[in-house]
Amino acid sequence: MKYIITGSTGNISKPLTAMLLKAGHQVSVITSNIEKEKEIEATGAKALIGSVEDAAFLTTAFQGADAVYTMIPPKMDAPDWKDFIYRVGDSYTTAIKSSGIKKAVNLSSIGAHLATGGGLTSLYYHVEQELNKLENLNLVHLRPGSFYYNFFGNIGMIKHMGIIGNNYADRVVPLTHPKDIAAAAFEELTDLQSPGRKVRYVVSDELSTDEIARVLGEAIGKPGLPWVKFKDEDALNGMIQAGLTPDVAKKLVEMGQAVQSGESVADYILHKPVFSPTRLEEFAKEFAIAYEKAK
């Protein structure tokens with residue numbers, strides 16, 4: 001089988017590419033960074049250099065492939081996050097239709113059932129809906145929980161303030177390790193027996209905010225680490241001071257509000273999956289190593 005993987009050498013795309021190659025498939029990896037070409041081709045995959053915002057490039061890249069894995073690359077400096085994500089999603093839709101792709105696995109997010117009010121996740125709603133319009137396409141939307149790796153962004157806060165937190169608290173949060181997402185994507189891409197369309201939730205663990213603080217705190221020698229709920233305004237200002245654009249910061253604050261209200265997990269609760277293997281305690285070992293290395 002011939003597969004096209006977007007996401008370059010990212011935390012999901014890299015292990016997904018390795019799994020497909022190990023299984024004997026032909027794999028091409030799209031990257032916008034020409035410096036990644038040698039790294040990609042050293043694995044046995046083919047590097048395709050171009051932008052996922054370019055529908056014409058994607059159409060050519062997708063030609064002759066049996067299936068594609070699509071994802072929206074992180075762009076934390078985007079002046080208008082909605083415009084960027086919509087543009088990439090529309091490029092995927094155009095390219096899949098024009099190239100005649102018959103199967104796609106799309107990385108979305110828990111909360112993507114919300115057309116509005118979910119911040120970042122409501123932008124994924126648009127991408128899902130546009131892809132859903134394509135006829136004769138076997139399509140899987142993967143909706144993972146919050147990435148474990150997002151907690152790396154809290155290391156400075158823990159070191160300098162002795163706390164961890166967000167603009168939500170006292171909520172159970174679905175969490176996911178990227179390698180578990182890669183495993184789910186591999187299963188869906190190589191499954192030729194289940195045509196049609198579906199949403200698949202991918203969750204590795206489910207813990208309250210206080211439990212998250214406890215597990216991470218114990219791993220770094222701070223067993224009393226508290227989870228603190230920030231005011232929306234303080235969270236917004238903190239993100240902007242950390243270098244995020246005002247638009248990105250606003251979308252993340254809105255996403256936190258949806259977590260606090262419970263709206264972001266309403267559909268997930270109705271369709272809970274069997275949890276993937278990697279519990280937070282296992283990730284906490286990775287977190288502790290990163291914590292020790294950080295200044």
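Biologist: Which is proline 178, buried or exposed?

Modeller: The model is predicted, so local features need pLDDT of at least 70 and side-chain atom pairs count only at pLDDT 80 or more, while totals for chains, interfaces and linings use all residues. Residues are numbered from 1 along each chain as its sequence is written, and side-chain values use heavy atoms, with hydrogens and water left out. Proline 178 is placed in helix H7, residues 178-190, where helices (H or I, at least four residues) and strands (E, at least two) are DSSP runs numbered from the N terminus. Its relative accessibility is 1%, and since buried means under 20% relative accessible area, exposed over 50% and partly exposed in between (1.4 Å probe, protein chains only), proline 178 counts as buried.

Biologist: Which residues does proline 178 touch, beyond those up to four places away in sequence?

Modeller: Proline 178 and phenylalanine 147 are 31 residues apart along the chain, with their C-alpha atoms separated by 6.7 Å. With contact taken as heavy atoms within 4.5 Å, the residues that proline 178 touches are Asn11, Ile12, Phe147 and Tyr149.

Biologist: Which residues of the largest nonpolar core touch the most other members?

Modeller: A nonpolar core is a set of buried Ala, Val, Leu, Ile, Met, Phe, Trp, Tyr and Cys residues joined through side-chain atoms within 4.5 Å. The largest one here has 40 residues, and those touching the most other members are Ile30, Leu58, Phe62, Ile72, Trp81, Ile85 and Ile96.

Biologist: Which element gives the largest share of this core?

Modeller: Two or more residues of this core come from each of helix H3 (55-62), helix H4 (81-99), H5, helix H9 (232-241) and helix H10 (246-261). The largest share is seven residues, and the element that gives it is H4.

Biologist: What does isoleucine 96 contact, leaving aside its neighbours within four places in sequence?

Modeller: Isoleucine 96 belongs to the group of core residues that touch the most other members, and it is one of the H4 residues that meet H5. Once neighbours within four places in sequence are left aside, isoleucine 96 is in contact with Phe62, Val68, Ile101, Ala104, Leu131, Leu134 and Leu137.

Biologist: How do H4 and H5 lie relative to each other, roughly parallel or roughly antiparallel?

Modeller: The axes of H4 and H5 are 9 Å apart and the helices pack at an angle of about 20 degrees, where axes are lines fitted to C-alpha atoms, for helices over the stretch in contact, and angles run from 0 to 180 degrees between N-to-C directions. Angles under 35 degrees count as roughly parallel, over 145 as roughly antiparallel, 65 to 115 as roughly perpendicular and the rest as oblique. H4 and H5 are therefore roughly parallel.

Biologist: How do the residues of the contact of H4 with H5 divide into nonpolar, polar and charged?

Modeller: Ala, Val, Leu, Ile, Met, Phe, Trp, Tyr, Cys and Pro count as nonpolar, Asp, Glu, Lys and Arg as charged, and the others, Gly among them, as polar. On the H4 side the contact has Trp81, Lys82, Ile85, Tyr86, Gly89, Asp90, Thr93 and Ile96, and these meet Leu120, Leu123, His126, Val127, Glu130 and Leu131 in H5. The division is eight nonpolar, three polar and three charged.

Biologist: How do the residues of the contact of H3 with H4 divide?

Modeller: The axes of H3 and H4 come within 8 Å and cross at roughly 40 degrees, and the two helices are therefore oblique to each other. From H3, Ala55, Leu58, Thr59 and Phe62 meet Ser91, Tyr92, Thr94, Ala95, Ile96, Ser98 and Ser99 in H4. The residues of this contact divide into six nonpolar, five polar and no charged.

Biologist: Which is asparagine 136, a residue with positive phi, buried or exposed?

Modeller: Most residues other than glycine have a negative phi. Asparagine 136, whose phi is near 60 degrees, is placed in the loop between helix H5 (120-132) and strand S6 (138-144). Serine 8, with phi near 55 degrees, lies in the loop between strand S1 (2-5) and helix H1 (13-22), and at 15% relative accessibility it counts as buried. Asparagine 136 has 63% relative accessibility and therefore counts as exposed.

Biologist: What does asparagine 166 contact, leaving aside its neighbours within four places in sequence?

Modeller: Asparagine 166 lies in strand S8, residues 164-166, and counts as partly exposed at 22% relative accessibility. Its C-alpha atom is separated by 6.8 Å from that of valine 228, which is 62 residues apart from it along the chain. Leaving those neighbours aside, asparagine 166 is in contact with Trp227, Val228, Lys229, Phe230 and Met239.
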